[in-house]
Each structure stands twice: as C-alpha cells, then as structure tokens.
Amino acid sequence: MTTTLYTGIDGQETVKKQRPINLDLSTISLPATAKASILHRVTGVAMFFALLFVIWAWATSLQSAEGFDYVKSLLNSHLAKFIAWGTITVLIYHLLGGIRHMIMDLGHWEELKSGNLSANLTIGLWIVLAVLAGVWVWF
C-alpha cells in the first residue's frame with residue numbers, strides 16, 4: 001500500500017491512502033455475528049410491513065360478521081398461510097435476536113468465540129422454530 005502526500009488549499013499536507021476496492025459483494029465473507037445482526041435489523045423492518053396485514057385483518061374481522069367471514073376465508077388460502085408463516089417466522093427471529101442482544105448488553109457473549117456461538121445458536125434455533133411454525137400453520 002502506497003501513501004502519497006498532498007498539499008491542500010490551506011497549505012497543510014494530507015495523506016491519501018491507496019486502498020483496495022472490493023465491489024463484488026459475493027466475495028465478502030461475513031462472520032456469524034454480522035449475519036445475526038443484519039437479520040435482526042431486516043426482521044424488524046419486515047415486522048413493520050407484516051403488521052400492516054395483521055392490523056388490516058384484525059380491523060376488517062372486527063367490523064362485522066361478514067368482515068369476519070371474509071378474513072376467515074382469506075386466511076384459508078395458500079398465500080395467506082404463507083404470509084402468516086412469514087410473519088410468525090420474522091417475529092420469532094426478531095424475538096430471539098432481541099434476547100441475544102439483551103444478554104450481550106449485560107456483558108455476556110461479547111468475546112469472539114462466544115459471540116459467534118450465540119449467533120449460530122440463534123440462527124439454528126430460528127430455523128428449527130420456523131419449520132415448526134410452518135407445520136403449525138399448514139397442518
């Protein structure tokens with residue numbers, strides 16, 4: 001890596017480092033802790049949008065008996081079951097990730113090894129619970 005000195009407008013010398021640029025995101029390998037943190041943020045945003053459907057379904061079902069029957073028939077479709085499963089899955093991961101972050105705020109799992117282990121356990125437990133939620137929704 002080379003370093004070049006430049007003189008700015010005010011006469012002070014500045015350093016411009018020649019840094020390698022990697023724009024191919026598929027070549028970047030993120031650690032488990034980064035994946036867990038990103039998933040926690042993404043599931044938070046997904047929960048916001050999923051709650052729009054949930055609030056609409058609650059509001060419509062509470063308006064009248066016809067509205068309740070309409071939502072009930074709608075929730076029997078495969079698309080609605082997939083949305084319900086997605087909503088439950090997102091909620092599960094966000095809850096697990098939030099618990100993990102709270103434990104880290106208490107000073108635990110902050111070391112590299114324990115942080116990676118807790119991230120992998122959180123993601124693994126989420127996958128198991130997502131499968132169980134799918135079984136619950138569809139059967």
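Mentor: Start with a definition: a helix here is a DSSP run of H or I that holds at least four residues, and helices are numbered from the N terminus. Keep in mind that the model is predicted.

Trainee: What makes up the secondary structure of the protein chain?

Mentor: The chain has 4 helices and 2 strands. Read from the N terminus, the order is β-β-α-α-α-α.

Trainee: Which helix gives the most to the lining of the largest pocket?

Mentor: That is α1, which contributes 8 residues. A residue counts as lining if it has an atom within 4 Å of a pocket point. At least two lining residues each come from α1 (32-63), α2 (65-74), α3 and α4 (112-138).

Trainee: How big is the largest pocket, by volume?

Mentor: Its volume is about 510 Å³. It is lined by 20 residues, and F53, V54, L75, A84 and I88 are the closest to its centre.

Trainee: What is the lining of the largest pocket by class?

Mentor: It consists of 16 nonpolar, 2 polar and 2 charged residues. Gly is counted as polar in this scheme.

Trainee: Why is T89 called buried?

Mentor: The cut-off for buried is under 20% relative accessible area. T89 has 6%, so T89 is buried. The residue sits in helix α3. Beyond its neighbours within four places in sequence, T89 is in contact with W126 and A130.

Trainee: What lies 2.7 Å from a polar atom of the T89 side chain?

Mentor: The backbone oxygen of W85 does. A polar contact needs a pair of N or O atoms within 3.5 Å, one able to donate a hydrogen and the other to accept it.

Trainee: Why does G67 count as buried?

Mentor: G67 has 10% relative accessibility, so G67 counts as buried. G67 lies in helix α2. With neighbours within four places left aside, its contacts are T60 and S61. Its C-alpha atom is 8.9 Å from that of A57, and these two residues are 10 apart along the chain.

Trainee: What share of the protein chain counts as buried?

Mentor: Of its 139 residues, 23% do.

Trainee: How do you know that H94 touches T43?

Mentor: Contact means heavy atoms within 4.5 Å. The side chains of H94 and T43 make a polar contact at 3.1 Å, and a polar contact has to fall within 3.5 Å. Besides T43, H94 touches H40, G44 and M47, when residues up to four places away are not counted. H94 is in helix α3, residues 78-105.

Trainee: What does UniProt say about H94?

Mentor: The unreviewed entry has a "binding site" annotation that covers H94. Such annotations may be inferred rather than shown by experiment.

Trainee: Which residues does UniProt list as "transmembrane region"?

Mentor: The unreviewed entry lists 38-59, 79-96 and 117-138. In the model, residues 38-59 are 100% helix and 0% strand, with the end C-alpha atoms 32 Å apart. Residues 117-138 are likewise 100% helix and 0% strand, with 32 Å between the end C-alpha atoms.

Trainee: What share of contacts joins residues at least 24 apart in sequence?

Mentor: Among contacts between residues at least 6 apart, the share is 59%.

Definitions and conventions:
Residues numbered from 1 in each chain as written. Predicted model: local features only at pLDDT ≥ 70, side-chain atom pairs only at ≥ 80, totals over all residues. Heavy atoms only, no water. 1 Å grid on protein atoms, 1.4 Å probe; cavity = no way out; pocket = protein on both sides within 12 Å on 5 of 7 lines; lining within 4 Å. Points joined across faces, edges and corners; volume = space filled by probe spheres on them. Buried < 20%, exposed > 50% of the residue type's maximum accessible area, 1.4 Å probe, protein only.
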